[in-house]
Every structure is written in structure tokens, then in C-alpha cells.
Amino acid sequence: PSPPVPQSPSPPWNIHQFSNALHLHYSPLPSPPSPSMKFVCTQHDLNINLALVSRAVSTRPTHPVLANIKIEATADPERIRLTGFDLSLGIQTSFTAQVGEEGTLTLPAKLLNDIVAKLPSGEISLDDEAGENLVTITSASGRYQVRGMSAEEFPELPSIEQGETNQLSAAAFIDGLKGSLIACSQDESKQVLTGVYLKVEPERLEFAATDGHRLGIVEVYPTESQTTQIAAESAQKGSFEVTVPAKALRELEKMLGAIPEGDRLGLQLEQGQVVFGWGDRKLTTRTLEGKYPDYRLLIPRQFQRQITVDRKQLLTALERIAVLSDQSNLVKFSIDSTKQSLDLSVESQDRGSGRESLTAQISGTNLDIAFNIKYLMDGLKTLPTQEITISLNGPLEPVILTPLGGINMTYLVMPVQLRN
């Protein structure tokens, strides 16, 4: 027999051939399906709560998921929790629903708001059985599908592990916000002045804000039953002070507008973070760093002149005369103690001039003084009583507006130098 023909050795495989062969024998395990979410709720509940948390969604998000609202459905208890968060301000709320399957995902805030707000009243259902974060919204009138994003990319709201909860009067807190928020600065370079300085002491809350041209201070003493509880709680926790961004407090003021009378507002504070909570709602925000200026030094200890006037009459006179003010927004007050009259005047080369006269109770000598009309009107809108007192000294010294009765509020406005 013929000798066997020698076989030539097989050439060595290169890396590409090895990789291709590996793929023939190996396929990755299929990833487990993401849990679907399904629930039924009323259009009213979903619409109200979506509008609420959307206030914390950024219009210019730094990451796509921050344009979304996080939706969490839990079966025990059957509730839907919504969260909006722009990395600085966070709002969270929840409401009851019929939860078929638990789950978590995020959906575009504006798109979801626009759809739900226009749906008819009644029950609506949301489910993502289609997978890939594709949610189907079904109502009596139609069916919509909205694509969202995984909740894994959505940042968690900051949690306060060590902070103790201070229970405050919600009504007293609202009064403090109304009298202080108007004086916050809009200049981001003066960061600490873009917030409200809050001081919590036993039996007393103090709010203060200034932009360098005006100052609002409110001291609130809750009712007797509330005072006893606040005093006991604050005595254990001690007094504290914090500066909270005005943006967050404006949202808090809107949210507290619907809180039942007599309810309490929980406040938790840790370095760099503050959380307000009541019922099933929560607002979290960073605090502003830096020492707040000693605003009490701005208030004169005594006054040479004092005016008592009807607040609404003064405000409506200013609103009428303001249509003639130019870019300087300047209004002149002529105080006549002999006639017991207060004359307001505005002059503009382009528009013309206007004059209003009011009767007032005036003590002290005559004086001409000028103000920024907007700053003055802002303060008058905030003061809660029918009559107010205007205390002043010279034409360039701080002027103080206070209510006659009601809450202990001080509104300081700096005069403007009159032109020759």
C-alpha cells in the first residue's frame, strides 16, 4: 500500500477567527424583563399632583432624565408617588390609586402634563406592559402612548438621616413668607440675599429678606395652644437659623395655600439641606451659604416724623399715578403737617405729570421725599391691615412701614434722592 500522504499542519487562528468562533458557541443570557407598572386613578388626582411636582422640573435640564417626573406605584399601601427634582429643588407627593402591578419609571413632565390636563374627568389607567418604558394612558375618550426613561437614571432626593423634625404652625409660616419674600434680591451675585433668613426660637418665628434697597421682617407668635407645643419642642432641639432660597419658598407658599387650618409643617435641617413636609407632601431644597447681614442695624431707633394713613387709599393712588412714571419709577411725597395732607406727584418729560392728594394724620415738620414707586407698592400690598404707619426722619434716611395691629411686620424702604 501507498504510504500515507503527510498532512500539512493547520495554520494558527488569528484573533478575528477566534472571536467569530466564540460567537457561534456563546450567546449572552437574556436580560430579565423590567417589571411592568399598572394602576388606575382619577384624572383629577393625577392632574393636580402632576402640576405640583412639575414645579421642580427644570426647563433647561443638565441631563435628559431631569426633564421627567418619577412615578412609583406601590401595592401595600396602594399609592402613587410622584417626584420632580432639578438637583436643587425637589417636590414629592403621593395619592391613592388601584395598583395592579408595582413599578417605577420616569415620563416627560411637560408632555405628560399636557395630555393628562386635557383628558376628561373620570378614571384613567397607566401601564407599561408594552415594555421599553413605553406607557399606555387610557381614558374614556382615547388612548395615548408616551415613551419614558428608566428610573435608574433619576437621582434620589436628598435624605436627612440625623436631622430632627421641628413642628411649626403652617399658618404662621405662611404669614412670615408673605411679608418677607417680596424683599429678596434677584441678583445671583449676592447669593445669600436671594433667600429668606429664617430664625426659629421657642414661641417665635422670625423671617427676614433684603435686596439692599428694602427690607422685610416678620415676627410671628403662633396661637396659645400652638405656642406651648412649639416652645416645648424647640426647647429640646434648641433655636436655629437658616437661609432658604426664595425660589423654593415661593413654591412652598403656593403648596401651603391649600393646607387645612391648624395643620403643622414639619421642618428638618441638616448642613446644606432643608426638608419641609406635611401630610403626603414634601419639598426639599439646598440652603444658602454665607452669613446673613445684621439687618437690625438698618432700623432707626427713633423717628422725627410719623404718618398714619389708609393703606388701600394710598395704594390705589400710587397705582393710578404709576402709569405716568418713567424708567426711574420715581414718586415724590410732599408731607404737609399743617394741612394734614400727603401729596403724591410724578413727572415725566416724555409722558407728562400727575398728582394725588390724601388726608393723613401727620406728626412732625414738613418734608419732601421720593421713593421707587414699585418698592413702595410691593410693601403696601403685603401689609395686612387697613391702616398703616409710615415712620421717617430725613429725605435720605430709611423709612419704615408697619401695620396698625395684626402681625408684627416691618417693611423698610430706602428713599431716592430728589432731582433738582
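This is a predicted model: local features need pLDDT of at least 70, side-chain atom pairs count only at pLDDT 80 or more; totals for chains, interfaces and linings use all residues.

G394 sits in the loop between β24 (387–392) and β25 (399–403). It counts as buried because its relative accessibility is 10%; the cut-offs are under 20% relative accessible area for buried, over 50% for exposed and partly exposed in between, with a 1.4 Å probe and protein chains only.

Residues are numbered from 1 along each chain as its sequence is written, and side-chain values use heavy atoms, with hydrogens and water left out.

Next, show the sheet as a cartoon. Its 4 strands are in the order β21-β20-β19-β23, forming an open, antiparallel sheet. Strands here are DSSP runs of E with at least two residues, helices are runs of H or I with at least four, and both are numbered from the N terminus. Which strands are at the edges? They are β21 (352–359) and β23 (367–372), each pairing on one side only; two strands pair if DSSP finds at least two bridges between them. Direction ignored, neighbouring strands are turned by 20 degrees against each other on average.

Zoom in on β20 (residues 341–348), which is joined to the antiparallel β21 by 8 bridges. Pick S341 and you will find its bridge partner, T359, in β21. Then bring in helix α7 (residues 311–321), which packs on the sheet and touches β19 (330–336), β20 and β21. The direction of α7 makes about 170 degrees with that of β21; angles run from 0 to 180 degrees between N-to-C directions, and axes are lines fitted to C-alpha atoms, for helices over the stretch in contact. Helix α8 (residues 373–382) lies across β19 and β23, at about 85 degrees to β23.

While you are here, click on Q340, in the loop between β19 and β20. Its phi is near 55 degrees, a positive value in a residue other than glycine. Q340 counts as partly exposed because its relative accessibility is 28%.

L87, in the loop between β3 and β4 (89–96), also has a positive phi, of about 80 degrees, although it is not a glycine. L87 is exposed, with a relative accessible area of 51%. Now select D76 and P77: a cis peptide bond joins them, with omega about 0 degrees. P77 is in the loop between β2 (68–75) and β3 (78–85).

For the last stop, select T194, in the loop between α4 (170–180) and β11 (195–201). Is T194 buried or exposed? T194 counts as buried, because its relative accessibility is 9%. Leaving aside neighbours within four places in sequence, T194 is in contact with residues including C184, D187, P245 and L288. Finally, draw a distance from the side chain of T194 to the backbone oxygen of Q191: it reads 2.5 Å.

Note on methods:
A polar contact is a pair of N or O atoms within 3.5 Å; within protein, one must be able to donate a hydrogen and the other to accept it, and residues adjacent in sequence count only if both atoms are side-chain atoms. Contact means heavy atoms within 4.5 Å.
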